[in-house]
Amino acid sequence: MRVCLARFVFLALLFLFSLSTKAQIGEYRNVFAVGVNGGYTLTSVGFSPKVTTKLFGGYTGGLSLRYTSEKYFTALCSLAAEINWAQAGWSENILTINSEPVVNQETGEAEFYDRRITYVQMPIMAHLAWGKEVKGFSFFFYAGPQFGLYLSESTRTNFTTETMNVADRANKTTAQYDMPVEKKFDYGICAGLGTEYSHPALGHFRLDVRYYLGLANIYGATKSDYFGKTNQSAITVKVAWLVDVTGRKSP
């Protein structure tokens, strides 16, 4: 049900983007800004059958683009996009039925497992801002689709499939350890909130928090596949700096 609703929102946002390029009903703006961004992201993968995971921390950064087309009443209306290098993946919470760490019987160490997946990601977002346009603070909301292209993956662990302690695990799903990412294209919906300080000479300084819900799976999800669902989700905190490269129209 959740994935069906997300797919509907995803298609509705694409439809709204197409309408926004054809309609111009507010005060005209023609401001194109370019900049850079960077931040930290916490990612997880939703497995079915269940794998007990915790958030995986990684870095992200890249190019920011924004085109402001109009001011409608008090809202500045823009289309924003990014081209980012990003680290995603998952960490496993390997616990016993008593919620204690599982100890490897050969090494005597608590078992751990991390999978890092590196993507090129491109969010395309409808962007609405309220506040100071030329100098001062504003706050904004944005939402739209995000696309990702797989680059590479790596694993960090202290056990092998031959030496891991399966007997003491509360969750005994282990098929994922020997499975590289199968689906190289990721897509979903992102939305966020933030604040921005603008200065005519220095540009725009932004801070935002966003949530991403993946609609694609990293593994096959047919009846013949082991997992029925393996979609990603992420919470990201970012800072960015943009400068206007076309003329700014003051209020």
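S99 sits in the loop between β4 and β5 (113-131). Helices (H or I, at least four residues) and strands (E, at least two) are DSSP runs, numbered from the N terminus. Phi of S99 is near 65°, a positive value in a residue other than glycine.

This is a predicted model, in which local features need pLDDT of at least 70, side-chain atom pairs count only at pLDDT 80 or more, and totals for chains, interfaces and linings use all residues. Residues are numbered from 1 along each chain as its sequence is written, and side-chain values use heavy atoms, with hydrogens and water left out.

**Loops and backbone**

F73 is another residue other than glycine with a positive phi, near 55°. F73 belongs to the loop between β3 (56-72) and β4 (75-92). A cis peptide bond links S48 to P49, with omega about 5°. P49 falls in the loop between β1 (27-48) and β2 (53-54).

**Accessibility**

Buried means under 20% relative accessible area, exposed means over 50%, and partly exposed lies in between (1.4 Å probe, protein chains only). The table lists residues by this value.

| Residue | Relative accessible area | Class |
|---|---|---|
| C190 | 1% | buried |
| C77 | 16% | buried |
| V34 | 24% | partly exposed |
| S99 | 55% | exposed |
| F73 | 66% | exposed |

**Cysteines**

A disulfide is a covalent bond between the sulfur atoms of two cysteines. The criterion here is a pair of cysteine sulfur atoms within 2.5 Å. A search of the whole structure finds zero disulfides. C77 is buried, and C190 is buried too.

**Strand pairing**

Two strands pair if DSSP finds at least two bridges between them. Strands β1 and β9 (residues 229-244) run antiparallel and are joined by 16 bridges. In that pairing, S48 stands opposite K229 of β9. S48 is also one side of the cis peptide bond with P49. Strand β8 (residues 203-214) runs antiparallel to β9 as well, with 10 bridges. There, Y212 has A234 in β9 as its bridge partner.

**V34**

V34 lies in strand β1. Which residues does V34 touch, not counting residues up to four places away in sequence? Its contacts (heavy atoms within 4.5 Å) are L63, S64, L65, W241, L242, V243 and V245. V34 and V243 are 209 residues apart along the chain, yet their C-alpha atoms are separated by 5.6 Å.
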